[in-house]
Each structure stands twice: as structure tokens, then as C-alpha cells.
Amino acid sequence: MDVSVLAAANEALVALADPFRLLMLSAGVLLGLFLGIVPGIGGIAGMALLLPFTFTMDSYAAFAMLLGMSAVTGTSDTIPAILFGVPGTAGAQATVMDGHPMAKKGEAGRALSAAFTASLIGGLVGAFLLALAVPVLRPVILNIGSPELLGFSVFGIAMVAVLSGTSPLRGLTVAGLGILLSMIGADPQTGTLRYTFGSFYLWDGLPIVPLVLGLFALPELADLAIKRSAIASEMKYDTRKGMGLGFRDAISNWWIVLRGGGLGAVIGAIPGLGSSVVDWIAYGWASQTVKDSDKSFGKGDVRGVIAPESANNAITAGSLVPTIAFGVPGSASMAILLSVFLIHGLVPGPDMLGENLNVTYSMVWSIAIANILGAGICFAFSGQLAKIAILRYTLILPAVLVFVYVGAFQSSRNWGDLYALLIFAVIGWTMKQLRWPRPPLILGFVLGSLIERYMFISTSRYGLDWLSRPLVIILFAGAALLLIGPLRRHFRFLGGIKGVLSYIGSPKIEPRDLFYVGAIALAGYAVFVAWGWSWGAKVGPMVVGVITLTCCVVSLLNQVFARGVHKARAEAGEVSRDVHMDTAVDHGDITRKTMFVRAATFLGYLLAFIILMATIGIIPTVPVFVVAYMWLEGRENWKLIAGQALALTAVVYLVFDQLLRIPWPETLVGSWVPALTIIPSV
């Protein structure tokens, strides 16, 4: 790093030390922490909210406030992920896998402390790598085109083999269904409407927020309602001991933290990937490389918290790379940040690496300081937050459900968001009970549209020559190894061809195999409908549909016939390596009948919430729902009920109605309340 670069970095730090600029940075951090806690909101809403305030600021203060907000949403989103199993943003999905089981074991303080420490170090690693990358930014980015982006996306899909535990074909089936879901809407190449079922809501595709909240948030809340107890029966450690232990966990696993920070910065620099997949990739990588991960990951291993948390906090720094170098936003929030460049007369590109290098380094410092400040605030309160895990479920569920509904609705501000939320909640809960991995569906959904787009661009521009590009070859080879590894291990466990043939005459069918029938029906329907489309519109769905069908049928046959192998091995005293990359089901000692009755009751509450929203509006619904749930389920004290109802109503009204200005449609009772309308056909 030459003298001019060091001088620019020093000048940027001095400029950022101005009290007003630090105040704006702090304000952005506080807003970012709040938005990270509220499920489904994320940094995009914060960027849009703060943008008008930057018009009268200088460029240092404007970028400090916006990047301060963006940098810490990945820190505070850990709180609901660990405590409730509800990812605050898409980047906290993988944290749920081990963070929430730790909370159930009374180790919430340890998990939160480890997560905040890993987030801090990961964010600083990302900022440091950004600072080092600035002088050599352009030549590296110039060598990454659509073929390489396709290779990264395919490599990401191959991670499903890692995230599917001992059922790789089942994971590939789920990933294929996720890719098919990503193809809903107008085909970008031909304009063909695919799988929209005549719904205008689906023309622009299925939003990710209700999908994520439905798959991961509501199933965890449903299990909490079914069990009817606190998240944890007791705190395993006191406040100080839990925080100290979590801090030491992160420091002792420093290599996972540093690797996660570097991975987050690199993936963040690839436009289109971002926080929706980086946590899963970091989690999958850790599960394959750390010792004894097959015995502990998914059951409350602190390393499963450290890996994704260190990665998702480095995303902001990574996404600044293409934004600064070419004006190509590395994420949706960076697209909003580009407008600030224009407002202040800055042009992304060579000038940001030359004449305006000091402004560029002010962004680096802003991210670093924001991570220190955000992690410090969260760490200071982690011990108190951990106590939430031992509260009665009737005190927790109403508040979390309110924010889940509002977070899902603000995704596209359409009734279809709430329908999708409930549909995927039922699917996610069923998948969890039947031990079908949910992470591959998210990865397939996020990366599916990217694969189709980059495939079209690559073949249109390069023909088949793009297959010979060095980085593409490396990425495809890595993807193949990821896919082959679990399949080979499973085939070896079955005893090879002789082992399979010896049990082929003893099929064992169980009721849970009906889920396979449903998956086969969905994939078959997707192929059947796509058959009549034009070539450009149908090639993607046809290829993915056929592969999904094949994986699903082979996986079903494997399940039916391999049960004999597992039974024989168990009788012989052998124990198979059971890896399931999803949260475990724990309903205590209740019977199956009781479980279904309580699950149906919880679904009834969810439907009642929507009906009330359609009738009287979201603001009046909040106190009515809170009062009804807390009284009917727990016979809570009326003062406690009234206090929580009023507090939640005030937050929803002030933040979402007055501050974020969410346009609630009219309701059944009329437009005199700021609320939602009678349920229309989507």
C-alpha cells in the first residue's frame, strides 16, 4: 500500500472524526440494530428511509449514516434467530440451525455473545479486505463475467449436498423445487408468464421474505406453541459466565471467524449472491471441515453460530467493491447507495480510486466503526436478552407473530405475501416433522433465477466457449466434488451394489413417503405445464423439472429399500452417521394426537389474525390479538396483557404506519382506519 493510499486513509479517518459525522454514524447504527431485530424488514427499508436525510449532508456524513445502518443489520438479526428461531433478515437463516437449539438448552447468552463477537471480527475482516482491495480492485472485477457468475451460482447449488446431511438426493430434490419456485413470474427473456395461475401478484415472482419467514420462523413458533413451555426451562449459565464463555468460543475458533469474514467479503463482491446464501455457504463449509461436526451441528454447536455470523457481517464491505469500482450494485441496498453518489456529484469508477480515494476510505472506516459500535451495544445487552428464553411462551409468541406478519406484508405490500407466508409455514412445519432439509429450498430459490439468467447471457455471448474459462472449470469441478462426496459415502454405507441388491426384495413403505408423492407431483406438473411454452421460456423449467423428478424418484426408492439396510445394520450393532442439517423436533412427552390438535389450534390463531386484519385493519388487530392470545392460552395478568398490547400497538403505529409509511389498503369496515382490506383474490 503506497504513501498516497495511506494518506487518503488517514485523511478519511480525520474527516470522519467530526462530531456531527460520528453522530450520524451512530444514528444509522441504532436504526440498523432495530431493523435487524424486526423480522423481514432488513437494510433496504432503512436505506430508503434515511435517503432523504442525506440531501443536505456532506458526502462523509451521508455515507457514514447509510453504511452504519447497513453494516449492523447482520449483527442484531442474530437476536430473534437465536432466541425464537426467527431470522431477523435473510442473512440469519443459518444461525437458527445451532443458535436456537443452544437457546433451548439454556445457553442463549453464550450463543448471543459468540455471535456478536464473531460478527464484530467478521465485519472488521471485511472492512480490512476492502481497504486492501481498493488499489487492485478493477483488474480483479474485470475478469469476472456472466460465465464466472454462473459458476459461482452452480457451486452454491452444489452446497445442498452438504446441507442435506445423509440425504443428498432429498436435498437436491428440495433444491430443484426451490429453483422451480424462483422461475415463477414473467420470464425475463421471452416475457412468458410462468406458473402465475392467473395471479397478478406472481407476475414479478415470489418475494423471498414471506418464503423465509414461512419456512423458518412460523414452524419454530408453532413448535413452541405445541410444547407450551418456555424456550428453555432454565439458564445453564449466569449472565456474566455465559457472555464470557461465548466470547472465548469465538476467540478460540478464530480460524472459523477469519475464514467466514473473508468468505463473506468475497461473496458480497459478487453481484446477485449476497446475504441470502453466504450464511449457508459458510455454515456448510464449517460443517465439512470442523472436527466432529456430524455429531453436533444442528444440535446446538457454537461453531455453527460463529461460522455464518462472521460471514454475513462482511457482506456490506464486499458489496461495496463492485459498487465503487463500476457502479454495479453488489446488493439491493447498494443500489440505493448509488443514488447518494449522484446526489453528491460522485461517479463510481476510476475517480473513486483516485481523486476521491479519501471518500472511499471513509466508507471503509464507517463500516469498521459501525461494526465495533453495533457489536458493543449488542454485547452489552446480550446477558439480559438471554433471559427472554426462560419467559413463558404466552409472553413471547404474540409479539413475535405481530412482527412476522408486518415484516412479511411489507415485502411487496400485497395480500399475496400473507397467503405465501401461511402456505410456506405449513410446508416448512411438515418438512421439519418429516426431516426434509429446508436450507436447500432457500438456496435453490435464491440461486435459481441467477443460474437461468447467467446461462442465457453466457450462451448468447460466448456460445459454448465459456465452458473453457479457467475459473468456470474450477467452480464446476468443485461443485461436482461436493455433489459426489455425500452420494459416494451413502452408497458405501449401503454396502455397494451387492449390499443394495441383497435388500432389494424387502421394500418398507411408511406414511411419511407421501411427501415424496407430493414432490413428484409438483415437479411433474411443472414439466407438464412448461411443455407448451416457447423454447426460451421452457428450457430452464424442463431441465430443472426432469432432474428434480429423477432425484426424487431415486431418493424414494432409496428410502423404501434402504430401510432394510438400516434395520440390519442396527440389529448388528452398527450405528449409521446420522447428519441432518436442520433444527431438531422437540415436542416433549406429548402424544401425536395432542401435537396435531395444538398445531391446528396455532394455525387457527394465524388465520384469525388475517381475518381480523381484513376486517378492522392491522392497527386495531394488534391489541385484539394480543389480548385474546395471552388470555385464552395463558390466563395472564390483565395488567401484563394491557401493557404488552398497548406497547406493541404503539410500535406498529409509530414505526410502520408513521415512520415507514406502509400503505395499508382499506378494510371491510371502511377506510376510516389505516388498515388492510377485505381479502381479494390474489
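**Salt bridges and their surroundings**

Tutor: The structure, which is a predicted model, holds 12 salt bridges. Side chains of opposite charge can pair when their charged atoms come close.

Take Lys432 and Glu220, whose side chains form a salt bridge with an N to O distance of 3.0 Å. This pair links distant parts of the chain, with Lys432 in helix H22 (residues 415-433) and Glu220 in helix H12 (residues 208-227), 212 residues apart. Lys432 counts as buried because its relative accessibility is 1%, under the 20% cut-off. Glu220, at 3% relative accessibility, is likewise buried. The pair also belongs to a network of salt bridges that links Glu220, Asp223, Lys432 and Arg438.

A second pair is Asp58 with Arg21, whose side chains meet in a salt bridge at 3.3 Å, N to O. Here too distant parts of the chain are linked: Asp58 lies in the loop between helix H3 (42-50) and helix H4 (59-76), while Arg21 is in helix H2 (residues 19-37), and the two are 37 residues apart. Asp58 has a relative accessible area of 30%, so it is partly exposed, whereas Arg21, at 17%, counts as buried.

Asp301 is buried at 8% relative accessibility, and Arg303 is buried with a relative accessible area of 17%.

Now the nonpolar parts. The largest nonpolar core has 193 residues, and among these Leu221 and Phe656 touch the most other members. Helix H21 (residues 393-409) gives the most to this core, with 14 residues. Leaving aside residues up to four places away in sequence, Leu221 touches Phe84, Val86, Leu397, Val400, Leu401, Val404 and Phe602.

On the surface, Val426, Leu603, Leu607 and Ile611 form a nonpolar patch, with about 330 Å² of accessible area together. Helix H28 (residues 592-616) gives the most to this patch, with 3 residues. Leu603 has its place in helix H28. Its class follows from the cut-offs: Leu603 has 34% relative accessibility, between 20% and 50%, and therefore counts as partly exposed.

Definitions and conventions
Residues numbered from 1 in each chain as written. Predicted model: local features only at pLDDT ≥ 70, side-chain atom pairs only at ≥ 80, totals over all residues. Heavy atoms only, no water. Core = buried A, V, L, I, M, F, W, Y, C linked by side-chain atoms within 4.5 Å. Buried < 20%, exposed > 50% of the residue type's maximum accessible area, 1.4 Å probe, protein only. Helix = DSSP H or I, 4+ residues; strand = E, 2+ residues; numbered from the N terminus. Contact = heavy atoms within 4.5 Å. Patch = residues over 30% accessible without salt bridge, like charges linked within 9 Å, V, L, I, M, F, W, Y side chains within 5 Å. Areas by Shrake-Rupley, 256 points an atom, 1.4 Å probe, with all protein chains shown as cover. Salt bridge = Lys/Arg side-chain N within 4 Å of Asp/Glu carboxyl O.
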